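Here's a quick briefing to read with the model open on your screen. Take a look at the fold first, then work through the points below.

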Amino acid sequence: MILYNDVFLKHDCPHIENKNRVLAIKKALIDLGIKYYSPQIEEDPIKYIEKAHDKQYIEMIKSLIDMAKEMGCIYIDGDTYLSKDSWDPILYAVYYSVYAVNNDFLFAVVRPPGHHAGKYGKANAISQGFCIFNNAAIAALNYKGRVAIVDIDLHHGNGTEDIVKHNKNIRYYSIYAKDIYPLPDNKSYDNIYKYPLPIDATNEDWISSFDLLLANLIEWDPDKVIVSLGFDAHKDDPLSVFRTDYTIYKYAFQKLAQFNPTYILEGGYNYDVLYNGTKLLIKFSRS
Ligand SMILES: [Zn+2]
């Protein structure tokens, strides 16, 4: 089952991370005849968010959105914006991620994305990379049981690493391009498993790393697998530095199906890739 709501269109400034991304996914669902659900928020998501983010940071975001109501789009760093109506979509992105994970839904189609947002916002990088609250990390921290977060976005989820590092109940796995933003240290430690890939990585390179990730994941055997799903690892994405194509997504969806995972949308900025990638997810993601 899938969660999506047109409220996500309201986080909206002229930017590569814009509403057309989720509209491309919505179109794929409609064209496939797949029903999605759009529940209202029934519990205050702030209590979920506070498990992952500093209270002052949460308050700062709220007051910046109040400022955006007066001034229009506000940039909190070189990459990351808030618009006048961003508060509702930000809360819904958190709420739907928590809801989807706790109810074993297939896909939370949410934005803004989350995996670059750390406990205090920025996490060892020049910007928050379009992210406000870390939807996947919040969902993991609000799940009772052992959780793996598998991040297959082009970029390393430095914010997720920041929030879940040394947490005994969570393992974070990230397969990513190492020489671009957020320029992580590429070192695995404790519960953090990094699989850095060079620029120009091929399908074969990506799949070799993913197989290592998968072996560790199978051995750990978590109660729940959350996937930070970025479609920007496809070569046609405007941010991609890989030579990979749909092969890697089909492979990941098929291999992860055994875990009955919940996918949470992160990056992906080519509308055709978002559309076709969603169709692949529906086709291959359940065993
Ligand atoms: Zn990304």
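Which residue in β7 is the bridge partner of Ser 174? That would be Lys 194. Keep in mind that this is a predicted model. The notes below start with the strands and then move on to the metal site.

**Strands around β6**
- β6 covers residues 170–177, and seven of its eight residues are buried, so call this strand mostly covered by the buried cut-off of under 20% relative accessible area.
- On one pairing, β6 lines up with β5 in the parallel sense, over five bridges.
- Within that pairing, you'll find Ala 148 opposite Arg 171 of β6.
- β6 also runs parallel to β7 (residues 192–197), and six bridges join the two.
- As a reminder, side chains in a regular strand alternate between the two faces of the sheet.

- Follow the chain through β5, α6 and β6 and you get a right-handed β-α-β unit.

**The zinc site**
- Three residues coordinate the zinc ion: Asp 153 through OD, His 155 through ND1 and Asp 232 through OD, at 1.9 to 2.2 Å.
- Along the chain, the zinc donors are spaced as D-x1-H-x76-D.
- Asp 153 and Asp 232 bring distant parts of the chain together, as they lie 79 residues apart.
- Asp 153 is in the loop between β5 (147–151) and α6 (158–164), while Asp 232 is in the loop between β8 (224–229) and α8 (246–256).
- Both Asp 153 and Asp 232 are buried.

Technical notes. Residues are numbered from 1 along each chain as its sequence is written. This is a predicted model: local features need pLDDT of at least 70, side-chain atom pairs count only at pLDDT 80 or more; totals for chains, interfaces and linings use all residues. Side-chain values use heavy atoms; hydrogens and water are left out. Donors are N, O and S atoms within 2.8 Å of the metal (3.2 Å for Na, K and Ca); water is not among the atoms, so sites may look incomplete. Helices (H or I, at least four residues) and strands (E, at least two) are DSSP runs, numbered from the N terminus. Buried means under 20% relative accessible area, exposed over 50%, partly exposed in between (1.4 Å probe, protein chains only). Two strands pair if DSSP finds at least two bridges between them. A crossover is right-handed if, with the strands pointing away from the viewer, the path from the first strand over the helix to the second runs clockwise.
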